[in-house]
Amino acid sequence: MLHLRLCLSERAPLLVALLLSVGAAPAAEPEPAPSSQQTRESFCVVGYLPEYRLDAFELSSSALTDLIFFSLEPGPNGDINSQSLTPDALKKLQAVKQRNKLRLLATVGGWGRSKGFAPMATDARTRKQFIENLVRFCLQNEFDGIDFDWEHPENQKEEQAYADLIVETHQAFRPRGLLVTVALAAWQRVEPRALAAADRIHLMAYDHDGPKHSTPQRARADVEQLMKRGARREKICLGLPFYGRDMANRGQTMTYAQILARYKPQPAADEAGGIYFNGPETIRQKTRYARDEGLAGVMIWELGQDAPGDDSLLRAIRQVPPK
């Protein structure tokens, strides 16, 4: 079914209607969701890109396997707020996808954009409508999947509804060759059935309390904690911050490009001017750990924060060879 997404043009409405019609089913064995082996190698390098970074963003690196556009918003009635995906934005994303042979996904939710999840997901009817809209969105816009980021379910009912949403989306997406991924912090409670249904789990291993927000030691502890809750290691992408945080004033952050321009830290440094970050040496250390432990890969928040040229953290990831 993957060829349908790549060939949608003036026939897209008819194809989408056929795929969504009641009782529609694949004529043959359902095609498995795309695996990371469909790209250059099985180790995923996943980068988020918010819509407010898109105009200035240029990707010329072959390190990335997945680009995630951030973000769409869930509507309380099962609709999708996709105003951030303008025609120009979609055109640029598709050009980046084709030029770099990437998978292209879209986040639904995120901090400040998750209010619609609870009323939508806790109602079976609106949840079904929402999933149908997600399928239609992916097929019409040639996206390879959806990344969920509900920040955050507030009670057991909402946690159960989130699991229902992930499982049912997986069931609707898999026959169409679409991915379902989930962005999670290690402390979040997610039902094991949801972890099993997700194709990948993007572990937000940063913004911790304490003197440093994202150390290698804390990253390893996050991975271990997530696996204890039922996540398989081969589904986990370890989150890497491309920004720094002032731990004395947690609301103050700087991109790695800004840190480099202002403080010119050494490659092994993870602190400058009271800002804690991950420099190239730490990024390579974490990437090596993810490879050695057999994780799915690494995840970046976010690409627009990187420094250019030889100072790029994405370049540091690329410098870590396979085992």
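Guide: Glu58 has a relative accessible area of 61%, so Glu58 is exposed. Keep in mind that this model is predicted.

Visitor: What makes Glu58 exposed?
Guide: The cut-off for exposed is over 50% relative accessible area. Glu58 stands at 61%, therefore Glu58 is called exposed.

Visitor: Which residue does Glu58 meet in a salt bridge?
Guide: Lys92. The two side chains are 3.7 Å apart, N to O.

Visitor: How do you know that Glu58 and Lys92 form a salt bridge?
Guide: The rule asks for a Lys or Arg side-chain nitrogen within 4 Å of a carboxyl oxygen of Asp or Glu. The pair has 3.7 Å, so Glu58 and Lys92 qualify.

Visitor: Why does this pair tie parts together?
Guide: Glu58 lies in the loop between strand E1 (44–50) and strand E2 (66–74), and Lys92 lies in helix H3 (residues 87–100), so the pair ties together parts that are 34 residues apart in sequence.

Visitor: How many salt bridges does the rule give?
Guide: The count comes to 17. One of them joins Glu234 and Arg232, at 2.8 Å from N to O.

Visitor: What makes Arg284 and Glu281 a salt bridge?
Guide: Their closest N and O atoms are 2.9 Å apart. The limit is within 4 Å, so the pair passes. Arg284 and Glu281 both lie in helix H10, 3 residues apart, about one turn of the helix. Glu281 is partly exposed, with a relative accessible area of 38%.

Visitor: Which residues does Arg284 touch beyond four places away in sequence?
Guide: Ala316, Gln319 and Val320.

Visitor: What makes E2 mostly covered?
Guide: In E2, 8 of its 9 residues are buried.

Visitor: How do you know that E1 and E2 pair?
Guide: Pairing needs at least two bridges. E1 and E2 have 5 bridges, so they pair, in the parallel sense. Leu49, for instance, has Phe69 in E2 as its bridge partner.

Visitor: Which strands does E2 also join by bridges?
Guide: E2 runs parallel to strand E4 (residues 103–109), with 5 bridges. Leu72 has Val108 in E4 as its bridge partner. E2 runs antiparallel to strand E3 (residues 80–81), with 2 bridges. There, Pro74 stands opposite Ile80.

Visitor: What do E2 and E3 form?
Guide: A hairpin, with 5 residues between the strands. Gly78 in its turn has a positive phi of about 95°.

Visitor: What is the strand order in the open sheet of 4 strands?
Guide: The order is E10-E9-E12-E11, and the pairing is antiparallel.

Visitor: Why do E10 and E11 stand at the edges?
Guide: Strand E10 (253–255) and strand E11 (271–272) each have a single partner strand, so one side of each is left without a neighbour in the sheet. Helix H9 (residues 256–263) packs on this sheet. The direction of H9 makes about 90° with that of E10.

Methods:
Residues numbered from 1 in each chain as written. Predicted model: local features only at pLDDT ≥ 70, side-chain atom pairs only at ≥ 80, totals over all residues. Heavy atoms only, no water. Contact = heavy atoms within 4.5 Å. Axes fitted to C-alpha atoms, helices over the stretch in contact; angles between N-to-C directions. Buried < 20%, exposed > 50% of the residue type's maximum accessible area, 1.4 Å probe, protein only.
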